[in-house]
Amino acid sequence: MPDCRPIRSFLEPSHEALASRASRFVADAIVPRAEPADDAAARTEARALLGVLGGGWQQPILDLDLRGCCLMREALAQVSPLADAVFALQGLGTTAILLGGSSAQKDRWLGPIARGHAMTAFAMTEPGAGSDVASVATTAVRDGSGYVLNGRKTLISNAGIADVYAVFASTEPARGSKGISCFLVPADTPGFRFVAAQVLSAPHPLGEIAFEGCRVPADALLGAEGRGYGLGLATLDRLRPTVAAAACGMATRALSEALAHVRQRRQFGQPLAQFQLVQEKLARMATDLTAARLLTYRAAYEKDRGQERITTEAAMAKAFATEMAQRTVDDAVQLIGGQGVLAGHPVDRLYRSVRALRIYEGTTEIQQLIIAAELLKGGETTAV
């Protein structure tokens, strides 16, 4: 579970207390749950996990407490990447409402979200708009007292099981990113359609959705018209450190599994832990993990203490931590050997889950471009 000692300088006493409670919570409520066998089971389990998290564990999201969100994701990711994903998606959808929503929208959705009764989704990605968010092709045309949405979204987490979607659509295509708006679209809105599931190798509800003459009222607009692009980026910028935290959680579990194995597994008359090549791997894994956690909680600390933008800090944390986690999980598989590639082994599950972290909410390459751009324009150099 999250070890507060290396990151204590970035935490408040309340965060250390949260980390302790989260450790007990995941051990009691998440660890005993069985891993879903297929995509249908994963969708059912995701809704069940939402109810479990609704017992007060989403409060850091509602409080815009970024360090609290990081601690929760780190704890969840160590034992259940699916539970982490459920928490993460609640973070994305809820943060968009908190940052851009009207009083009526907040009154309508935040209570059910907090209680685990409403699941959110963040519908930005399209077949032709991944890293290039500004090329969104879904349109929202003003029609009388509302808007009519047409288009498709792909690779949308919680597609088909969410209750409400934060949907990014172009209200003025000629204006590019300045013409993108965001809408809250309930799943039962006529003209909204869940097209199909997109199945990952790790349990994670993902899919394609479509808007076909989907009419929403004017008060479905989240924030101001034409401000959706900025709202989307602000949401991703704020929550990017939590992706790094999830990566740290997965890496922590991988290191723990590797340590347990090399201590008890004997080869050539001695435990694997006595071989220097094994010790080199362990030392590198632990050092990289500690560095990633420091970058992660430094970014969250800066945001929580009021820094308006943490673009560089968040990009550094996500890029370093997710790449670190991929290496660490791979090293754990190598140390554990054949057992580590058997279906059902914890490091095999981690191996299938960790890869996506280097892609979603901005690929590693995009994070590197963000960091370089900030350096070249002279901004946020204090993050270096």
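Helices here are DSSP runs of H or I with at least four residues, numbered from the N terminus, and a helix's expected span is 1.5 Å times one less than its number of residues. Helix 1 (residues 13-30) has 18 residues and covers 25 Å from first C-alpha to last, close to the 26 Å expected.

A quick note on provenance: this is a predicted model, where local features need pLDDT of at least 70, side-chain atom pairs count only at pLDDT 80 or more, and totals for chains, interfaces and linings use all residues. Residues are numbered from 1 along each chain as its sequence is written, and side-chain values use heavy atoms, with hydrogens and water left out.

Back to helix 1: its buried residues (under 20% relative accessible area, 1.4 Å probe, protein chains only) include Leu-18, Phe-25, Val-26 and Ile-30.

| Covering helix | Residues |
|---|---|
| Helix 2 | residues 39-53 |
| Helix 3 | residues 59-62 |
| Helix 4 | residues 66-79 |
| Helix 5 | residues 81-100 |

Now the cores, meaning sets of buried Ala, Val, Leu, Ile, Met, Phe, Trp, Tyr and Cys residues joined through side-chain atoms within 4.5 Å. The largest has 79 residues, and Leu-76 and Leu-149 have the most contacts inside it. Helix 5 gives the largest share, nine residues. Apart from that core lies another of 33 residues, Ala-258 and Val-354 among them. Beyond four places in sequence, Leu-76 touches Phe-25, Val-26 and Ile-30, among others.

Definitions and conventions
Helices (H or I, at least four residues) and strands (E, at least two) are DSSP runs, numbered from the N terminus. Buried means under 20% relative accessible area, exposed over 50%, partly exposed in between (1.4 Å probe, protein chains only). Contact means heavy atoms within 4.5 Å.
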